[in-house]
Amino acid sequence: MSIVLRTSPEDKYETSIELYKGKYSSVCTAKLKNSPGESTVVIKRNTVSNYSLNEIKTYKQLNNSEQFLKVYDVCGKYTLVFERCMCNLEDLFMPQLVYPEEQKNLALQFLSGLNAIHQKKLVHRDIKMRNILMTYDGILKICDFESVCDNDSFPTSNIGTRGYKPFEILISTSTLPVTYSLDLWAAGVILFKIFTQNRKFLTPSPPCDETDIQMMTRMFGCPTGPYYESLPGYPEYYKWASSYKKNNIRENLVDWMSAHTMCEVDLVEKLLQLEPSARCTAFELMNAQSFFVQPLPSVNLKEAIKRYMQATKITRPPPHKAELFDFKTLNPNYSKSSSGTGTSGTSGTGTSGTSGTGTSGNSSGSGTSKSSSQQESGQKGVKK
Ligand SMILES: Nc1ncnc2c1ncn2[C@@H]1O[C@H](COP(=O)(O)OP(=O)(O)O)[C@@H](O)[C@H]1O
Ligand SMILES: [Mg+2]
């Protein structure tokens, strides 16, 4: 697969702070060469071409719409130049920083972005707090499209990040077809975290002997019924898990979300359904009651952004004054190739970088930007 080789990013941009280094990519702030002031863009270099092409093709399909990063440049097969965001959602959730009406705004923006992905018949496959970014204007952006694949496709590996994988993926000993329901479970985890600001929900932190499946079974009980019983690997699972009665998830959520109204519990419950086909779509949830009762979603997140910038002492970089990348300029062979190449993936091992998102960038562009939050291990599932 060939794409137009544009100038290398080094010809055009000078990089400054490394925000993230993982197994499959590195992300750093950058600015146009010889321009004054702070870095205005972010350069992401992927190391695996199929992941990278998957990501580029997905951005092409998403066409610079609201809930996705603006793309300013695509350099060769591996490098994308994006608008620079303020932080990811994991970093944003400092105690008491985001108020209930702002949480609802965030939830709505997130559901709208997820719905846009699903409308394109794509499944993200790695929805998590660190793959959701926040701009300096309070616009939520879903990012990291390396693992995307078509709905109803059959990848050769189950991928995703610990703490965001649904039961069926953890129980099944063979790969399951990829459907929206995979993202919808992860969306339930995201909404729970947005409302409760409990970053550790379903994320086992070391030292911890529990495996993910043990933790999920302890929290939700042992799933039963025809769907689960037909999964490969279920009999072995059932042998040890049957002593954990199937829990009433609603009762648990009421308990875990005791500071919240039933409307918010309803919203999360509609996604954290054990049966994949029972999970509501992102579109349906955008009309959930929670968004029409007090406190109504805030109109914007300007105040939350101000509080975050004060708390972290960051300043806003100047806007990047350049045209968005014109995806039509990509080589036609490249453009024609189908989307969602994640249908035949080999499993990778964890992406293990700490994320930082410019939280300590200042006007001189100095400082470290590593997140204090715990590392998450993820797997990419696109064929290398
Ligand atoms: N445009 C951006 N602005 C600010 N930070 C970003 C941007 N893109 C990525 N990051 C930071 O880099 C991290 C990793 O980016 P991501 O695209 O998820 O890479 P990977 O595919 O390796 O997981 C994100 O969690 C975020 O903290
Ligand atoms: Mg990521």
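**Helix packing and an antiparallel sheet in a predicted model**

Ile249, Arg250, Leu253 and Val254 of helix H10 meet Val265, Val268 and Glu269 of helix H11, two residues being in contact if their C-beta atoms, placed from the backbone, lie within 7 Å. By class, this contact of H10 with H11 comprises 5 nonpolar, no polar and 2 charged residues; Ala, Val, Leu, Ile, Met, Phe, Trp, Tyr, Cys and Pro count as nonpolar, Asp, Glu, Lys and Arg as charged, and the others, Gly among them, as polar. The structure is a predicted model, in which local features need pLDDT of at least 70 and side-chain atom pairs count only at pLDDT 80 or more, while totals for chains, interfaces and linings use all residues. Residues are numbered from 1 along each chain as its sequence is written, and chains are lettered from A and ligands numbered from 1 in the order in which they are written.

Two packed helices are described by the angle between their axes and the distance between the axes. Axes are lines fitted to C-alpha atoms, for helices over the stretch in contact, and angles run from 0 to 180 degrees between N-to-C directions. H10 (residues 249-256) packs against H11 at an angle of about 130°, the axes lying 10 Å apart. H10 is therefore oblique to H11, given that angles under 35 degrees count as roughly parallel, over 145 as roughly antiparallel, 65 to 115 as roughly perpendicular and the rest as oblique.

Gly188, Leu191, Phe192 and Phe195 contribute from H6, and Glu264, Leu267 and Val268 from H11. The contact of H6 with H11 holds 5 nonpolar, 1 polar and 1 charged residues.

Turning to the strands, 5 of them form an open sheet with antiparallel pairing, in the order S1-S2-S3-S5-S4. Strands S1 and S4 (71-75) stand at the edges with a single partner strand each, so one side of each lacks a neighbour in the sheet. From one strand to the next, the twist averages 25°. Helix H2 (residues 49-62) packs on this sheet, touching S3 (41-46), S4 and S5, and its direction makes about 135° with that of S3. Two strands pair if DSSP finds at least two bridges between them; helices (H or I, at least four residues) and strands (E, at least two) are DSSP runs, numbered from the N terminus.

S1 (residues 13-21) and S2 (residues 25-32) pair in the antiparallel sense over 6 bridges, and form a hairpin with 3 residues between them. Within this pair, Thr15 has Ala30 in S2 as its bridge partner. S4 and S5 (residues 79-83) are joined in the antiparallel sense by 4 bridges, with Val74 opposite Leu80 of S5.

Helix H2 includes Gln61, which counts as partly exposed because 19 C-beta neighbours lie inside 10 Å. A residue is buried if 20 or more other C-beta atoms lie within 10 Å of its own, exposed if 12 or fewer, and partly exposed in between. Gln61 and Lys120, 59 residues apart in sequence, are 7.7 Å apart C-alpha to C-alpha. For the chain, the secondary structure comes to 14 helices and 12 strands, and 46% of the 384 residues count as buried.
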